[in-house]
Amino acid sequence: MRIGELAERAGVSTRALRYYEQQGLLVARRSSNGYRQYEESDLRLVQEIRSLLAAGFTLEDTRPFVDCLRAGHREGSACPESVAVYRRKLAEIDADLRTLIRRRAEVAGQLARACPGCVLSPEENDDHADDRELRRAGAPRGQAGTGRLLDGVVPPVQDDRAGP
């Protein structure tokens, strides 16, 4: 198939495909008229690359997965090199979460010092149990905007101060 067809079927631009080729992730054969020609298996490679990029991996991170598919495996994650990339990425995400939790605790502490009566409390009439609303203790609900707290991954910091 030609580059335009692969791009359409994979949901990417032809520019992206040329870039993947430049980075050595795709190999285009050339027809007699010089047009790039791709195999059906190249569609699977592009889908794997796009899936990993969407999950936050870098283009370089996708290389072991592409190599694994090229080696004939049904899944790009079937090779030890791909598993190693997954483990490294999880470790990076865990480190990022720890950093965010520390930052959140710092900001919550600053809020507690700046606004002693402010608390984070669950919203009662929202179907998302991990949403929180900032309000003054005793103030009616709905007077402050809500925000997501990392989709429930980071628990709210408890207010340790004695209540009034």
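## Ground rules

In this predicted model, local features need pLDDT of at least 70 and side-chain atom pairs count only at pLDDT 80 or more, while totals for chains, interfaces and linings use all residues. Residues are numbered from 1 along each chain as its sequence is written, and side-chain values use heavy atoms, with hydrogens and water left out.

## Helix H5

Helix H5 covers residues 80-114, which is 35 residues. Helices here are DSSP runs (H or I) of at least four residues, strands (E) of at least two, both numbered from the N terminus. From first C-alpha to last, H5 reaches 51 Å, close to the 51 Å expected at 1.5 Å a residue. The expected span is 1.5 Å times one less than the number of residues.

Ser82, Val85, Lys89, Arg104 and Ala108 of H5 are buried. Buried means under 20% relative accessible area, exposed over 50%, and partly exposed in between (1.4 Å probe, protein chains only).

## H1 against H2

Helix H1 (residues 3-10) packs on helix H2 (residues 14-22) at about 105 degrees, with the axes 9 Å apart. Axes are lines fitted to C-alpha atoms, for helices over the stretch in contact, and angles run from 0 to 180 degrees between N-to-C directions. H1 and H2 are therefore roughly perpendicular; that label covers 65 to 115 degrees.

From H1, Ile3, Gly4, Leu6 and Ala7 meet Thr14, Leu17 and Arg18 of H2. Contact means heavy atoms within 4.5 Å.

## Asp42

Asp42 sits in helix H3 (residues 40-54). Is Asp42 buried or exposed? Asp42 is buried, with a relative accessible area of 5%. Beyond its neighbours within four places in sequence, Asp42 contacts Leu6, Leu26, Val27 and Arg29.

## Salt bridges

The whole structure holds twelve salt bridges. Each is a side-chain nitrogen of Lys or Arg within 4 Å of a carboxyl oxygen of Asp or Glu. One joins Glu21 and Arg36, with the closest N and O atoms 2.6 Å apart. This pair links distant parts of the chain: Glu21 is in H2, Arg36 is in strand S2 (residues 36-37), and they are 15 residues apart.

Glu92 and Arg88 form another, at 2.5 Å between the closest N and O atoms. They are four residues apart in H5, so about one helical turn separates them. Glu92 is partly exposed at 33% relative accessibility, and Arg88 is partly exposed at 34%. A network of salt bridges links Asp61, Arg88, Lys89 and Glu92.

Definitions and conventions: Parallel < 35°, antiparallel > 145°, perpendicular 65-115°, else oblique.
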